[in-house]
Amino acid sequence: MGKKDFTTQVSDGLVLVDFYADWCGPCKLLEPVLEKLTQEFSGKIKFVKVDVQQDQALAKEYNVMSIPTMLLFVDGVAKEKITGYRKLADMRTYLTKKLTDYGD
């Protein structure tokens, strides 16, 4: 993706960035959860995927030590980190709260 494209992707509003790799089992389990949340939170939260194999510099910059790792960005600033697989209901609750905490 590159730093410039990444910065543009996370620059406005709430953005959840999923750092993953194709070979990662828990990442594959998380994929349908994030796809469902992308639909549910459409227009409220943007979802971005970063392949740590292709974007090692970004992973290093944001101190991603294990995957899956999700970072919540608010207007371009990384505010929170979630590491590991999370269930749909847990992620839905988390994101709903973040809309209240950081939303308009």
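Reader: What makes S3 and S4 count as paired strands?

Author: Happy to start there. Six bridges join strand S3, residues 69–74, to S4, and the two run antiparallel. Pairing needs at least two bridges between the strands, so with six bridges S3 and S4 count as a pair. Within this pair, Val74 stands opposite Val77 in S4. Please keep in mind that this is a predicted model.

Reader: What holds paired strands of a sheet to each other?

Author: Strands of a sheet pair through backbone hydrogen bonds, in either a parallel or an antiparallel way.

Reader: Which order do the four strands of the open sheet take, and why are S2 and S4 said to stand at the edges?

Author: The order is S2-S1-S3-S4, and the pairing is mixed. Strand S2 (45–51) and strand S4 (77–83) each have a single partner strand, so one side of each is left without a neighbour in the sheet. On average, neighbouring strands of this sheet are turned by 25° against each other, direction ignored.

Reader: What makes you say that helix H4 packs on the sheet?

Author: Helix H4, residues 88–102, touches S1, S2, S3 and S4. The direction of H4 makes about 160° with that of S4.

Reader: Now to the cysteines. Why is Cys24 called buried?

Author: Its relative accessible area is 4%. Buried means under 20%, so Cys24 at 4% qualifies. Cys24 lies in the loop between strand S1 (14–20) and helix H2 (25–40). Leaving aside neighbours within four places in sequence, Cys24 is in contact with Ile67 and Pro68.

Reader: And why does Cys27 count as buried?

Author: The relative accessibility of Cys27 is 5%, and the cut-off is under 20%, so Cys27 counts as buried. Cys27 lies in helix H2. With neighbours within four places in sequence left aside, Cys27 is in contact with Tyr20, Ala21, Ile67 and Pro68. In UniProt, an unreviewed entry carries the annotation "active site" for Cys24 and Cys27.

Reader: How do you know that the span of H2 is close to what is expected?

Author: H2 has 16 residues and reaches 24 Å from its first C-alpha to its last, close to the 22 Å expected at 1.5 Å a residue.

Reader: Where does H2 bend?

Author: H2 bends by about 30° at Glu31, and a proline, Pro32, follows within four residues.

Notes:
Residues numbered from 1 in each chain as written. Predicted model: local features only at pLDDT ≥ 70, side-chain atom pairs only at ≥ 80, totals over all residues. Heavy atoms only, no water. UniProt positions renumbered as here; feature names shortened; annotations may be inferred. Buried < 20%, exposed > 50% of the residue type's maximum accessible area, 1.4 Å probe, protein only. Contact = heavy atoms within 4.5 Å. Axes fitted to C-alpha atoms, helices over the stretch in contact; angles between N-to-C directions. Expected span 1.5 Å × (residues − 1). Bend = angle between axes of the 7 residues up to and from the residue.
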